[in-house]
Amino acid sequence: MSSRDTDMTQGSVGGLLWRVSAPMSLGILGVLMVGLADAFFLARVGEVELAAVGFVYPVIVAVSAFSIGMSAGANTVLSQAIGRTESGNSLACRALHAVGFGALIGLGAGSALWLVAPVLFTALGAKGEVHAAILAYLPWWAASFPILVVTMILNAAFRAGGDGLTPSALMVATAVVNIAMTSLLVFGIGTIEGLGMAGAGIATLAARMLVGVLALGIAIRRGTIAFGAHTARGFTRSVRDIAAIGLPAAASRAVNPAGMALVTAAAATLGDAAVAGFGAAARVQALCLVPFFALSTGLAPIIGQAWGADMQGRARHALRLSVGFALGYGLCAAIVLWILADPIAQLMTDDGTAASYTAQYLTIVGWSLGGYGLVVTVNAALTARSKPGWALGLSLTRIGVIYVPLAWLGALTLGFTGILLAAVAANVIAAWLGTVFAQANSLLALRALPIRAPSDRLAHLRRNRHARG
């Protein structure tokens, strides 16, 4: 363990959760603000650029799932190694292997996106000037993707040792630089002409390069990663361990934006106002979900270290606290959204009909946000416990088995209300299933029969499969 790493197997679990999660809230908000700022600036350039953002955003969110998945894999491997009290040299080598593997994955994914972009966005329906604007932006974003993956893995290495402040500061710095440069490069300044969509892409590349170099420098100075004659030793094992966690985690992250695209298509059958209202509500919801994602970043290293140290009771305690927070915060958020649904909807839209759809979404779906928060929390716990396949199964069930089919059925039978009821059903059923999965993998110990009975059955099936294997 490095001298800067925190032993998260000791001390108050609640205090450690706060120490890592609280600063990460600012970092995640910074990431969200970049997307909102890009849409804000480009909307003022023209309708072509705004339409191009609409095509690009879901694709880059799905591709970015690779960076999140690789960081989850690195966090699990490193935090469990810290819990096992591996030496500092071993940890530094593992972190370096994760960075090298992430760079290769990022380079491959970025290159593939750049190569298929012309055909991909044509297939998605982009034409003429919109298609040209997309292709002006994508090469710069694709070039920045390997840097994003490396930076995310370095942030995961910091968090694995209990440091939530450094990753948060780096994420906020990226957002500040990106937003400032986007404004200058999109619109231009003085005699320098604005670059439109290309300017937004260049700003993203420049911001990620600057902060990526800074993150790498911090990691080297702290000894989080180290170079030496034997640093390549064990690379294959590290890659295998990280990929076994990271690839399913990446798929789990990519499922949600893909599913939301299909639900948006269901809303589109009800008209443009329904799509606009649904999209505005989704942006508000994204802001409400920030504490859940921040909590998951703090929970993962605690469970990882506890599991590595064979302290299952501490891991269960951490998840119980996190689930309690998710449900409590979800209830508070629902009350606020219910009270302020109309003014928020008016603020987020410029059309009365769209605003009514947004308000209806916030009023109804808001009551199930605690369930979705529980799903996010359990997914992080399962991944940190080296069970990413269960996390992927939970995400696929929520989106593919429940939300998307029910949303289309609801749209055809009950209109927009049917889509909202599908979201509520998906969040509530997935929350129950998440507790079952967590208990089946020894992360919860609940006595309620609707949870205990199916979890015991799943655990029994899992033991039999292992015995046969």
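Which backbone oxygen does the side chain of Thr 435 reach? In this predicted model, for which local features need pLDDT of at least 70 and side-chain atom pairs count only at pLDDT 80 or more, totals for chains, interfaces and linings use all residues. Residues are numbered from 1 along each chain as its sequence is written, and side-chain values use heavy atoms, with hydrogens and water left out.

The side chain of Thr 435 reaches the backbone oxygen of Trp 432 at 2.6 Å, where a polar contact is a pair of N or O atoms within 3.5 Å, one able to donate a hydrogen and the other to accept it within protein, and residues adjacent in sequence count only if both atoms are side-chain atoms. Thr 435 lies in helix 14, residues 416-440; helices (H or I, at least four residues) and strands (E, at least two) are DSSP runs, numbered from the N terminus. Thr 435 counts as buried because its relative accessibility is 9%, given that buried means under 20% relative accessible area, exposed over 50% and partly exposed in between, with a 1.4 Å probe and protein chains only. Not counting residues up to four places away in sequence, Thr 435 touches Leu 374, Leu 444 and Ile 451, contact meaning heavy atoms within 4.5 Å.

The protein chain as a whole comes to 15 helices and two strands, and buried residues make up 53% of its 469 residues. Among contacts between residues at least 6 apart in sequence, 79% join residues at least 24 apart.

Helix 4, residues 128-160, has 33 residues and reaches 47 Å from its first C-alpha to its last, close to the 48 Å expected at 1.5 Å a residue; the expected span is 1.5 Å times one less than the number of residues. Just after helix 4, Gly 162 takes a positive phi of about 90°. In helix 7, 34 residues should span 50 Å, and the end C-alpha atoms are 48 Å apart, which agrees; a kink of about 30° in helix 7 is centred on Ala 243.

The largest nonpolar core has 50 residues, of which Phe 121, Ile 134, Tyr 137, Leu 138 and Leu 154 touch the most other members; such a core is a set of buried Ala, Val, Leu, Ile, Met, Phe, Trp, Tyr and Cys residues joined through side-chain atoms within 4.5 Å. At least two residues of this core are supplied by each of helices 2, 3, 4, 5, 6 and 7, and the largest share, 16 residues, comes from helix 4. Leaving aside neighbours within four places in sequence, Leu 154 is in contact with Val 99, Ala 215, Leu 216, Ala 219 and Ile 225. Apart from this core lies another, of 39 residues, among them Val 263, Ala 281, Ala 326 and Ala 422.

Two further buried positions complete the description. Gly 201, placed in helix 6, is buried, with a relative accessible area of 0%, and touches Tyr 137 and Trp 140, not counting residues up to four places away in sequence. Ser 368 lies in the loop between helix 11 (352-365) and helix 12 (369-384), and counts as buried at 3% relative accessibility. Leaving aside its neighbours within four places in sequence, Ser 368 is in contact with Ala 423, Val 424, Asn 427 and Val 428.

How values were computed. The bend at a residue is the angle between axes fitted to the seven residues ending there and the seven starting there.
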